[in-house]
Amino acid sequence: MGNRRTYGPNREDPVKGYADTAMEFPRLLALLLIVLEWTRPSLPTPLKPICDLRVLNHFIKEARDAEIAMKSCREGCSLSESVTVPQTTVEFDVWEKKNALEQAHEVQSGLWLLQQALSLLLTSVTNTELHSQIDNSIRNLLSINAVLRSLSIQEYIPPTSATTLEGTWTVSSATDLLQVHVNFLRGKVRLLLLDAQACQQDVS
């Protein structure tokens, strides 16, 4: 059997949510890095700015904040129906046998599934704080897609139905959905960015 790793529940102590201004920082940073990458002169650099994982780390932290807030929520925080989400378990021997396009497609389809699921959760939740955090998470997913496009990863065309996608499962609770969101960012999204060909540059 190959090496198997599951990105399980996060058990860190709760942290305070960001203020509105602070919550905008990761998206602004991501867009700034994308602009810098598109407009920079063609000169050798140690590392392309867009490959800096600090942007993704901000998104993971905000996803964790939303998960923690959901776990403590008691009213107005349920999911109205079951949703399809991506598998977060990584079989490393299987992952490494896939080419870059296959890996990118798996991540992009997972991001699309999470965006659809979180959008449904957004319409179900009435808790004001959670509503703001979920909306923020959706915008973060859109920013990640922009990052992938900046790395010359082919734009993803969503299927007509989530049931046609492989490597998925169904969750019925909001807490499970947000846990999947965190684990997918920590796992397959991070792996894709670490291995992206556009980020592999010899330093001389």
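**Helix packing and cores in a predicted model**

Me: Why are α4 and α5 called roughly antiparallel?
Reply: The two helices pack at an angle of about 160°, with their axes 10 Å apart. Angles over 145 degrees count as roughly antiparallel, and α4 and α5 are therefore given that description.

Me: What makes α2 and α5 roughly antiparallel?
Reply: Here the packing angle is about 155°, and the axes of α2 and α5 lie 10 Å apart. Because the cut-off for roughly antiparallel is over 145 degrees, the angle between α2 and α5 places this pair in that class as well. The crossing of α2 and α5 is left-handed.

Me: How do you know what span to expect for α4, and what span does α4 reach?
Reply: The expected span is 1.5 Å times one less than the number of residues. Helix α4 has 25 residues, which gives an expected 36 Å, and from its first C-alpha to its last α4 reaches 36 Å. For α5, with 23 residues, the expected value is 33 Å, and the helix reaches 34 Å, which is close to it.

Me: Why is a set of residues called a nonpolar core, and which residues touch the most other members of the largest one?
Reply: The name applies because its members are buried residues of the listed nonpolar kinds, joined through side-chain atoms within 4.5 Å. The largest core has 51 residues, and those touching the most other members are Met 70, Leu 111, Leu 121, Leu 151, Leu 177, Leu 185 and Val 189. Helices α2, α4 and α5 are among the elements that each supply at least two residues of this core, while α6 gives the most, with 11 residues. Apart from this core lies another, of 5 residues, among them Trp 112 and Tyr 156.

Notes:
Residues numbered from 1 in each chain as written. Predicted model: local features only at pLDDT ≥ 70, side-chain atom pairs only at ≥ 80, totals over all residues. Heavy atoms only, no water. Buried < 20%, exposed > 50% of the residue type's maximum accessible area, 1.4 Å probe, protein only. Helix = DSSP H or I, 4+ residues; strand = E, 2+ residues; numbered from the N terminus. Axes fitted to C-alpha atoms, helices over the stretch in contact; angles between N-to-C directions. Parallel < 35°, antiparallel > 145°, perpendicular 65-115°, else oblique. Left-handed = near helix turned anticlockwise from the far one by under 90°.
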